[in-house]
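Thanks for making the time this morning. Please bring the model up on your own screens, and keep the sequence beside it while I talk.

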Amino acid sequence: MTPQEIFDKVATHLLTQNAKSQDLLGGTCLYRGSKGLTCAVGCLISDEAYAKGMEGSAFTNLMEVWSMRLPVWFPANQQLLAALQRCHDSLDVDHWRSRLAEIADDFGLEFK
């Protein structure tokens with residue numbers, strides 16, 4: 001995937017889902033949460049590549065420990081993926097749209 005394709009998929013996913021993928025206590029991000037929710041990076045991990053053991057791994061650790069299961073374009077887009085993941089993890093849902101616009105601008109991408 002190109003950076004624009006990654007951004008488009010994640011932005012559409014987050015704004016459509018309109019909810020964080022978190023553990024039941026609401027504090028820890030989950031790549032795959034309850035009720036089919038996924039985080040910014042989780043929505044890019046195919047069912048075949050996903051492993052329950054990924055949960056609890058920070059994004060940077062995910063890149064190191066699970067690299068063989070992840071798409072080949074993950075490492076080349078690490079900064080973009082990290083920014084999108086921080087948007088999901090750190091901000092309230094009602095602030096996602098404005099932060100996604102900033103991320104698009106930061107990476108020279110279009111926010112449609």
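I will go through the helix packing, then the core, and then a few individual residues.

A word on conventions before that: what you see is a predicted model, in which local features need pLDDT of at least 70 and side-chain atom pairs count only at pLDDT 80 or more, while totals for chains, interfaces and linings use all residues. Residues are numbered from 1 along each chain as its sequence is written, and side-chain values use heavy atoms, with hydrogens and water left out.

Let me begin with helix α1, which covers residues 3–17; helices here are DSSP runs of H or I with at least four residues, strands are E runs of at least two, and both are numbered from the N terminus. How do the axes of α1 and α4 cross? They come within 11 Å of one another and cross at roughly 175 degrees, where an axis is a line fitted to C-alpha atoms, for helices over the stretch in contact, and the angle runs from 0 to 180 degrees between N-to-C directions. That makes the two helices, α1 and α4, roughly antiparallel, given that angles over 145 degrees carry that label, those under 35 count as roughly parallel, those from 65 to 115 as roughly perpendicular, and the rest as oblique. On the α1 side the residues that meet α4 are F7, A11, L14 and L15, and on the α4 side they are W96, R97, L100, I103 and A104, with contact meaning heavy atoms within 4.5 Å. Sorted by class, this contact has 8 nonpolar residues, no polar ones and 1 charged; Ala, Val, Leu, Ile, Met, Phe, Trp, Tyr, Cys and Pro count as nonpolar, Asp, Glu, Lys and Arg as charged, and the others, Gly among them, as polar.

Turning to α3, its axis and that of α1 also come within 11 Å, but they cross at roughly 10 degrees, so α1 is roughly parallel to α3. From α1 the contact takes P3, I6, F7, V10 and L14, and from α3 it takes L80, L81, L84 and H88. The class division for α1 with α3 is 8 nonpolar, 1 polar and no charged residues.

Now to the core. In soluble globular proteins, nonpolar side chains tend to be buried together. Here the largest nonpolar core has 35 residues, of which I45 and F74 touch the most other members; such a core is a set of buried Ala, Val, Leu, Ile, Met, Phe, Trp, Tyr and Cys residues joined through side-chain atoms within 4.5 Å. Two or more residues come from each of α1, α2 (59–65), α3 (78–90) and α4 (96–106), and α3 gives the most, with 6 residues. If residues up to four places away in sequence are set aside, F74 touches V41, L44, I45, F59, M63 and L81.

Is H13 buried or exposed? H13 counts as buried because its relative accessibility is 18%, and buried means under 20% relative accessible area, exposed over 50%, and partly exposed in between, with a 1.4 Å probe and protein chains only. The H13 side chain makes a polar contact with the side chain of T38 at 2.8 Å, a polar contact being a pair of N or O atoms within 3.5 Å where, within protein, one must be able to donate a hydrogen and the other to accept it, and where residues adjacent in sequence count only if both atoms are side-chain atoms. Apart from its neighbours within four places in sequence, H13 is in contact with T38, C39 and C43.

Q17, also in helix α1, is buried at a relative accessible area of 17%. Its side chain reaches the backbone oxygen of A19 at 2.7 Å, and, again without residues up to four places away in sequence, Q17 touches G36, L37 and T38.

Finally, the loop between α1 and α2 holds N18, which has a positive phi of about 55 degrees although it is not a glycine. K35 lies in the loop between α1 and α2, with a positive phi near 60 degrees in a residue other than glycine. As for accessibility, N18 is partly exposed at 49%, and K35 is exposed at 83%.
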